[in-house]
Each structure stands twice: as C-alpha cells, then as structure tokens.
Amino acid sequence: MRSLILKDLYNIGHNAKSMLFMLGVLAVVLIPTSGASAYIIVSAILCSMMIVTTFTFDDNSSWLRYAMIMPVSKKDIVVGKYIMLVIFCVIGSLFGLVVSLIAGLAMRKITFNLAGIVELLLLTLVALVISLISGSMSIPLVFKFGAERARVLLVISILVPLAICFGIYQVFVLLGIELTDQLVLIILCGSPIIALFWCYVMYRICCQIFKKQDL
C-alpha cells in the first residue's frame with residue numbers, strides 16, 4: 001500500500017509547479033473579490049481533481065496491467081486511490097487556509113481573533129468535506145470510462161452532491177425546520193462522518209466496477 005501511494009506522489013510531483021501557479025492566480029482573483037471562503041473551497045476541489053491526473057499517468061505507462069502480475073490486488077489499488085484522494089483534499093484545504101489567512105491579514109479582510117480563526121477553520125472543514133464528496137465520485141467515473149473521458153464527466157461529481165444538498169435543504173423547508181446557527185454547527189460537525197460514509201459507498205462501487213474489468 002505504501003508503495004502505491006509513493007508512486008502516485010512521485011508522479012504527481014511533475015504537476016506540482018503548474019498547480020501552484022494556478023492556485024496562485026486564483027488567489028489573486030478570488031480572495032479580493034469573493035473572499036477567503038470561495039478560495040478555500042476552490043483550492044480543495046482543484047487539488048482533489050489531481051486524483052484523475054494520477055490515472056492519466058497510469059494509463060500512459062500501462063501501469064495497471066503491470067500491477068496485475070505483481071502481488072497487488074484490485075482492492076489494494078482502489079484503496080490506494082482513495083487514500084491519495086484524502087491526501088490531495090487535505091493539502092488543498094490547508095493550502096487554501098494558509099493562503100487565505102495570509103492574504104486576508106495583508107488586505108485587512110480577516111480579523112486575527114478567536115471568531116475569525118474559528119470561521120476560517122469551519123470553512124476549511126466545509127472545503128475538505130466538499131472536495132472529498134466530489135472527488136470520491138470522480139474515481140468510479142475514471143474506472144468506468146477512463147481518465148480522458150472522465151474529465152468531461154467531472155462536472156457530474158460536483159453537481160450531484162450539490163443537488164443532494166439542495167434536496168435536503170428543501171426537505172427541511174417542507175418540514176418547517178429552521179436552519180439555526182446551532183443546527184448548522186451540528187451539521188458541520190457531523191459532515192466529516194457523512195463524507196466518510198459517502199466515500200465508502202463510492203469505494204464499494206469502484207471495487208465492483210474494477211472487479212469486472214479485464215486488463
């Protein structure tokens with residue numbers, strides 16, 4: 001398992017400079033106009049999409065066929081991809097947090113107090129959850145359709161979770177449940193559990209898709 005993770009980290013290192021440049025440009029554009037919240041979420045989602053790039057490297061080198069003659073199971077490969085997704089999401093969320101904090105303090109848009117820090121940490125948690133949910137959907141798409149075609153379908157991995165959240169909100173409205181600050185905080189605290197459950201469901205789907213494929 002460790003070797004699978006190190007392999008992807010080594011391969012993705014070649015794209016690190018271009019990703020940093022893209023995140024830097026977005027920081028200049030988003031933070032002054034849309035604030036720290038938008039940048040942290042965008043940063044996390046962009047980094048989560050790097051998981052698709054690892055599949056592209058695998059396809060270009062026909063690595064999956066080689067892996068099947070090694071003592072590596074298909075389940076191990078799927079688990080390795082989801083571990084990489086978590087790493088990318090954490091890096092993207094923390095990077096967005098640090099850059100937003102520095103830029104916000106420099107432009108005096110963020111106050112360095114307990115309330116401001118808690119708000120940024122909650123935004124980082126939201127970004128991590130969103131990126132995990134959207135990224136976990138992209139992995140089954142890649143296993144099913146391949147890395148290149150899956151890139152076109154990545155918008156689905158973002159729209160579906162948004163549609164589910166909107167549907168839940170509409171249910172709350174129909175039931176007359178008011179979204180108070182306390183309820184929102186409870187939902188935010190429970191969101192990592194929801195994200196992990198969602199990732200597990202996507203992982204099981206991935207295993208079924210990959211199991212049926214002949215390499």
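Helices in this tour (H or I, at least four residues) are DSSP runs, numbered from the N terminus. Before you start clicking, note that residues are numbered from 1 along each chain as its sequence is written. This is a predicted model, where local features need pLDDT of at least 70, side-chain atom pairs count only at pLDDT 80 or more, and totals for chains, interfaces and linings use all residues; side-chain values use heavy atoms, with hydrogens and water left out.

**Stop 1: D8**

Select D8, which you will find in helix α1. Is D8 buried or exposed? Its relative accessible area is 3%, so D8 is buried; the word means under 20% relative accessible area, while exposed means over 50% and partly exposed lies in between (1.4 Å probe, protein chains only). Now show what surrounds D8: setting aside residues up to four places away in sequence, D8 touches T54, D58, K81 and M84. Here a contact means heavy atoms within 4.5 Å.

**Stop 2: helices α1 and α4**

Next, colour residues 2-12, helix α1, and residues 50-60, helix α4. Two packed helices are described by the angle between their axes and the distance between the axes. For α1 and α4 the angle is about 95 degrees and the axes are 10 Å apart. The axes are lines fitted to C-alpha atoms, for helices over the stretch in contact, and angles run from 0 to 180 degrees between N-to-C directions. The pair α1 and α4 is therefore roughly perpendicular, a label for angles of 65 to 115 degrees (under 35 is roughly parallel, over 145 roughly antiparallel, the rest oblique). Which residues make the contact between α1 and α4? On α1 they are K7, D8, N11 and I12, and on α4 they are M50, T53, T54, F57 and D58.

Stay with α4 for a moment. This helix is mostly covered, with eight of its 11 residues buried. Among the buried residues of α4 are M50, I51, V52 and F55. After α4 comes S62, which has a positive phi near 55 degrees.

**Stop 3**

Now jump to helix α7, residues 114-145, and pick F143. F143 counts as buried, at 5% relative accessibility. Beyond its neighbours within four places in sequence, F143 is in contact with F55, I77, V78, C206, I209, F210 and Q213. F55 is 88 residues away from F143 in sequence, yet the C-alpha atoms of the two are 8.8 Å apart.

Then select K144, also found in helix α7. K144 has a relative accessible area of 52% and is therefore exposed. Not counting residues up to four places away in sequence, K144 touches I209 and Q213.

**Stop 4: S157**

Move to helix α8, residues 147-174, and select S157. With 3% relative accessibility, S157 counts as buried. Which residues does S157 contact, leaving aside neighbours within four places in sequence? They are S134, M137 and S138.

**Stop 5: a surface patch**

Finish at helix α2, residues 16-34, where F21 is found. F21 counts as exposed, at 62% relative accessibility. Show F21 together with V25, V28 and V29 and you have a nonpolar surface patch of about 410 Å². Patches are made of residues with over 30% relative accessible area and no salt bridge, joining like charges within 9 Å and nonpolar side chains (Val, Leu, Ile, Met, Phe, Trp, Tyr) within 5 Å. A salt bridge is a side-chain nitrogen of Lys or Arg within 4 Å of a carboxyl oxygen of Asp or Glu. Accessible areas come from the Shrake-Rupley method with a 1.4 Å probe, and for residues only the protein chains shown count as cover.

Methods: Helix = DSSP H or I, 4+ residues; strand = E, 2+ residues; numbered from the N terminus.
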